[in-house]
Amino acid sequence: MNALNSFDTWQLVALAASIGWASGLRLYAVLFIVGGAGYLGWVDLPGGLNVLAHPYVLAASGFMCFVEFFADKIPAVDSLWDLVHTLVRIPAGAALTARVFGDSSSAAMMAAAILGGTLAASSHFAKAGGRAVINTSPEPFSNWAASFGEELAVGTVLWLAFTHPLAALVVVAILTAAMIWLIPRVWRMIRRIVDRVLTWFSHVPHSEG
């Protein structure tokens, strides 16, 4: 069935935007939640996303979701995980949003890919930068709070995309604007932290051989 016959256009746009944004935070959770909801019949999926409901894909995304859940709670591992996934989340977000319009024209798919990649990039860099600052704290609770907050945000946005598309668009727009505002401030904080560390090392006395 053509996706445009079973989905309102705004729902497709909202789903694409939500998946793109959420992929920048929790790519594997997006794959597993969307695929699992489709597999269980809780939601109808556009034709291009039906592959996410295949048992093999669910097994792979579920395993990676499990790994990421714990990796994200360990500060040093989380920062390394974010660094590596800079090369994964953004193109994956673009690809997934394009597949939302998989039954539509090539132009619609390309526009969706641009939208999804941009949203995934904004959420990823805001997350990676913010967590890099939080991870400098010696206590683990702020890291855990941020991690659970991100997981709650992803689940809420995906739920809204299927049940209240226009509300999802508004929420994603607000969150994206906030993240774009936050990114340069976070990275300035990171730069100050790095400068302080380098200054400290420069004043450490070196033993002469």
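Predicted model: local features only at pLDDT ≥ 70, side-chain atom pairs only at ≥ 80, totals over all residues.
View 1. Arg89, Ile90, Ala92, Gly93 and Ala94 are among the buried residues of H5. Further along the helix, Leu96, Thr97, Ala98 and Val100 are buried as well.

**View 2. The aromatic pair of phenylalanine 141 and tryptophan 144.** Four aromatic pairs are present in the structure. In the pair shown here, the ring centres of phenylalanine 141 and tryptophan 144 are 5.4 Å apart and the ring planes meet at 85°; because planes over 60 degrees apart count as edge-to-face, this pair is edge-to-face. Both residues belong to helix H7 (residues 141-163), where they are three residues apart, about one turn of the helix. Phenylalanine 141 is exposed, with a relative accessible area of 56%, whereas tryptophan 144 is partly exposed, with a value of 34%.

View 3. Phe66, Phe69, Phe70 and Phe148 are linked into a cluster by ring pairs. Lysine 73 lies over the face of one of these rings, that of phenylalanine 69, at 3.7 Å from the ring centre. The charged end of lysine 73 also sits over the ring of phenylalanine 148, at 4.8 Å from the centre of that ring.

Notes. Residues numbered from 1 in each chain as written. Heavy atoms only, no water. Phe/Tyr/Trp six-rings, centres within 6.5 Å; stacked < 30°, edge-to-face > 60°. Helix = DSSP H or I, 4+ residues; strand = E, 2+ residues; numbered from the N terminus. Buried < 20%, exposed > 50% of the residue type's maximum accessible area, 1.4 Å probe, protein only. Lys NZ or Arg CZ within 6 Å of the ring centre and 35° of its normal.
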